[in-house]
Amino acid sequence: MTPKGPYKRVLLKVSGEALMGDQPYGIDMTTADRIAREVGEAVEAGYELCLVIGGGNIFRGLTAAAKGMERAAADYMGMLATVMNALAMQTALERVGVQTRVQSAIPMTTVCEPYIRRRAVRHMERGRVVIFAAGTGNPFFTTDTAAALRAAEMGCDALFKGTSVDGVYDDDPRKNPQAKRFESLDYIDVLARDLKVMDASAVTLMRDNQIPIVVFNIREQGGLARVLDGEGTCTVVGGSST
């Protein structure tokens, strides 16, 4: 099936917090199941998807480091949290009939595949969803940077970042009802204005590879499908629309 939207191969970055649902901590499987159904519908519509999921719902390395833990150790613990989220999302996806593979940047062959670029591309070509876990495998890098790196390695047409708001604003819309949402931005605008779309290294990597970043609300029912089809509310960073 030919996808309706402008992008065929997409990396979806989901924050760990998105998996919490209304819980204060951990994984809400009802939320994971909803996201899995939307990913499954996208695959059925002809899109090729891979995922990177953060670990902030379980462990946040920067927070632990700020409290006195050695930064590298804290980051490795955060990477392990992303593996836990990836396995939970794999379970949710396979429950709705989507073939899924988890590939970890830190080898742990008992529970998932090691990250091998060519194998990951092959999985996607065969209609499987690939979830990239354990970040880049290195401390001092965020899952945003890991998402940007994998999007470039996979030859993705866009990186979709699912957040709690429907795009990029000039202020926090949850605190300031007058905040303005941007329809489109250039990479330089994001960096110069420190708009917190993704960390600077991730935005720079996307700029260097000319891969647009599409920011949308992952909590909105059906939001992923609408944005993939070019119809939903979002902000596009880079790309031909800027």
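Let's start with helix α3, residues 71-95. It has 25 residues and reaches 37 Å from first C-alpha to last, close to the 36 Å expected at 1.5 Å a residue. That expected span is 1.5 Å times one less than the number of residues. Helices here are DSSP runs of H or I, at least four residues; strands are runs of E, at least two; both are numbered from the N terminus. Just after α3, Gly97 takes a positive phi of about 85 degrees.

A word on the model. It is predicted: local features need pLDDT of at least 70, side-chain atom pairs count only at pLDDT 80 or more, and totals for chains, interfaces and linings use all residues. Residues are numbered from 1 along each chain as its sequence is written, and side-chain values use heavy atoms, without hydrogens and water.

Now the largest nonpolar core: 38 residues. Such a core is a set of buried Ala, Val, Leu, Ile, Met, Phe, Trp, Tyr and Cys residues joined through side-chain atoms within 4.5 Å. Buried means under 20% relative accessible area, exposed over 50%, partly exposed in between (1.4 Å probe, protein chains only). Leu12, Val39, Met89, Ile131 and Phe160 touch the most other members. Which element gives the most to this core? α3, with six residues.

Take Val39. Leaving aside neighbours within four places in sequence, Val39 is in contact (heavy atoms within 4.5 Å) with Leu12, Leu49, Leu51, Leu93, Val129 and Leu224. A second, separate core has 30 residues, including Leu11 and Met206.

Last, Gln210. Its phi is positive, about 55 degrees, although it is not a glycine. Gln210 lies in the loop between α7 and β10. At 57% relative accessibility, it counts as exposed.
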